[in-house]
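User: I'm new to this one. Could you take me through the place where the two chains meet?

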Number of protein chains: 2
Amino acid sequence: MQKILDYITENRGRFEADLTQWLSMASVSTDPAFAPEVRRAADWLTERMKELGLTTRLVTTNKHPIIIAETDPVPGAPTVLVYGHYDVQPPDPLDEWTTPPFEPTVRNGNIFARGATDDKGQMLTHLLSAEAWLRTGSKLPVQLKFLIEGEEECGSKSLYELMNGEYDNGKSIVEGLSNDIVVISDSSQFGPGKPAITYGLRGITYYEVRLTGPSQDLHSGAFGGAVTNPANVLCRIVGSLLDADGRITLPGFYDDVVDLTSVERKQFADLNFDDQEFMDKLGVDGMTGEKGYGTLERRWARPTFDVNGLWSGYQGEGAKTVLPARAGAKFSFRLVPNQDPKKVGAALAKYLKSMLPMGIKMELIDRHGAPGSMVPLDSPYMAAAAAAIASGFGTKPVFIRSGGSIPIVNEFSSRLGSDTLLLGWGQDDDNMHSPNEKFSLDDFHRGIQASAHLWEEIGKIPAKGNG
Amino acid sequence: MQKILDYITENRGRFEADLTQWLSMASVSTDPAFAPEVRRAADWLTERMKELGLTTRLVTTNKHPIIIAETDPVPGAPTVLVYGHYDVQPPDPLDEWTTPPFEPTVRNGNIFARGATDDKGQMLTHLLSAEAWLRTGSKLPVQLKFLIEGEEECGSKSLYELMNGEYDNGKSIVEGLSNDIVVISDSSQFGPGKPAITYGLRGITYYEVRLTGPSQDLHSGAFGGAVTNPANVLCRIVGSLLDADGRITLPGFYDDVVDLTSVERKQFADLNFDDQEFMDKLGVDGMTGEKGYGTLERRWARPTFDVNGLWSGYQGEGAKTVLPARAGAKFSFRLVPNQDPKKVGAALAKYLKSMLPMGIKMELIDRHGAPGSMVPLDSPYMAAAAAAIASGFGTKPVFIRSGGSIPIVNEFSSRLGSDTLLLGWGQDDDNMHSPNEKFSLDDFHRGIQASAHLWEEIGKIPAKGNG
């Protein structure tokens, strides 16, 4: 292992040069004007993989290519699928960048460029750690498979198509991606010097409800009180979905909720999350939520109900005495393991129907849904990741969850049966999706070291058989 | 009286010619392009009043002139103030008119033109009935004062300014308008052949509430459940203002409500209002409202709560997982006698404040308010109007209330201490404010007859002293 770490240390300068070169490619996936730059980034990565001796394919899609590469199989050892993306967010607004987004510049130990942390810099750590193993003549203790796409920032359409067998003469890519564990580095540490493993994601189920009353807007004087007002009804129904304790009122909603364990609650508490600092940043003088749970618990590990949009009647200046014909809302529930979006949807539909008064028609649209996911804290892969991070970063990682949802993680779980290790090397203030995106070079190098250790640690775990 | 009625019969043709001439003037008050036509209509009416020997003033304002005219005082007899307006709504959309809006055309006994019923045709009946009295050498049994404005369709600003003494060197017009009773014909009968007296109007108090949570929109995954969502709060609070029985939950809200008398309930029931026909017209399959009250009772005589507008977060296509920074609603209460808008506003402000959770700031805007009003059913003026209508229309009027609010009626009540008789000669399907506005010529002539009788009937009532 030492010679691998030595290689990493000796090549710091070259690794940074590689990163700089790659970050200078403007691989903005959403804007067709950048297509040649997207392709240049894909080719660059493909070339790097081939040079290292990986079996590499650049899969052409209807939009941007997907790179699939793998090292030699290691019989009896696990296979690790590294997922990442080489595309980046648009850099706008350009005039807010201190230095141009595609001219990577180092200031105060950080490299500033679009894609620095999301995800070129983070993703590259895993390829460079593989290089360290391979170039030192060490035998990689696991088989690595890389799945690096170019449309993560615009919906991953081609990747889903690829998984559905659209590009390989009907042959599904799924079998080729079989693995024992997925690794993604596309998120953040808990704070500076506080590396973290995200072991839980919330799910989501998102709805739109449209209520229709009379066939046209009516005068609220002549008709108010007699004709059912859809905006009144919308407020009453939507407003009833949370009770005074911040709990969701849908019958059976909490039946399948996996509650926080006492171990997790202690871990969260040990993170010493600063409520006041959080509130100051958000500009609020107080917070509310489900009774009996702290801020991090409510953000990461408890289900929620949030209205995302509302509309009805007159929204302009002044007053208009209208009894609106229509009212609508978009709202969503964040779900935690083991809640089933379909089951929540069925309970919701039944509840809304039961609340609907005479004179109102309802349309309920299921916008999208995905269950939450968890990697068991006692999994050997979790222990391997923790050990690797401790070695690479010089400090033990904290275990955190995330309130958001990452659809591809559900896809890996449902299509490949794989758990995912979310190992974020970034920081919350790295300006992902904002001007002046950055990535700490120290975190970059520590990420490479942690990754090199990760292959070693995972290599100690017996493979699942077909791994 | 007979010679007056004979005069009216003999002059049917000339009255229709007068109406046709007046309706041909495009006195659209809201559009400055029509200003010369507005002025032409004002001048025409002024000239007619002067010809009849009325003391007439055309008061110039910042916008359209106001006409004030009066007949000679009648000592010991009541003074009647006739209010009306000579301005009209814009005629758009022009291509939906069968014949041009300012080329009055008679079809099936109706005269079609913008302003036919609202309000030139209806208002003119009172001037023509005065003519019948004056031209036959009969002594008018009451003093008539006319207050005819030109901005009713665009807010009556100049009239309010005039009442505040802005145009007469600071001298308020209020004293000059003193009267025993106000008469307005600017509404509808209960149905064809069913003349009506509107003896009650609802009041209104209209609010806008704006809630602010975090200083900017947040990701509902990362923050949902921890940060108070203003759209959730808006729905909860607004949705709580009506209970399951359709009653308003503000403490004390019903304290001052004057309930329907058993006489009124019977009168309403006798109108045989057809719920099914009403629902068919509105396109609804059912209605809800305050428990224990019928449709007409809920429309005319019970207070209401209606959401008039709602907005928050994402209103576009598809789904956006946003925890909105802001949410807002416009809503109003229709009030019945003797509810005080200010008292309701105070109760509302207190209630909203008590419902506001941590992390949300509220702005409550009082948009406008006016109390409801009633003319006592047992007033001698009501009996006089009923007798006059019975004579003029050949059938007794029904007594109805209206769910809407007419601000000028409150003004007459609070500034002049006057009750108002709302004697509508129009029909609900006369297309007020819509293309193909019309007025039945039979109703026009019956209105003139009823008006002629009205002066006679009111003349039998002893004046209030300073009348």
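Analyst: Let's start with one pair of residues: Gly313(A) has Gly309(B), in strand 11 of chain B, as its bridge partner. That belongs to an antiparallel pairing of strand 11 (residues 304-313) of chain A with strand 11 of chain B, over five bridges (strands pair if DSSP finds at least two bridges between them; strands are DSSP runs of E with at least two residues, helices runs of H or I with at least four, numbered from the N terminus).

A word on the model: it is predicted, so local features need pLDDT of at least 70 and side-chain atom pairs count only at pLDDT 80 or more, while totals for chains, interfaces and linings use all residues. Residues are numbered from 1 along each chain as its sequence is written, with chains lettered from A and ligands numbered from 1 in the order in which they are written.

Zooming out, the contact takes 66 residues from chain A and 66 residues from chain B (in contact means C-beta atoms, placed from the backbone, within 7 Å). On the chain B side, strand 11 gives the largest share, nine residues. That side divides into 23 nonpolar, 31 polar and 12 charged residues (Ala, Val, Leu, Ile, Met, Phe, Trp, Tyr, Cys and Pro count as nonpolar, Asp, Glu, Lys and Arg as charged, the others, Gly among them, as polar).

Then there are the helices. Cys235(A), Arg236(A), Val238(A) and Gly239(A) in helix 7 of chain A meet Cys235(B), Arg236(B), Val238(B) and Gly239(B) in helix 7 of chain B. By class, this helix contact has four nonpolar, two polar and two charged residues.

Key
Two residues are in contact if their C-beta atoms, placed from the backbone, lie within 7 Å.
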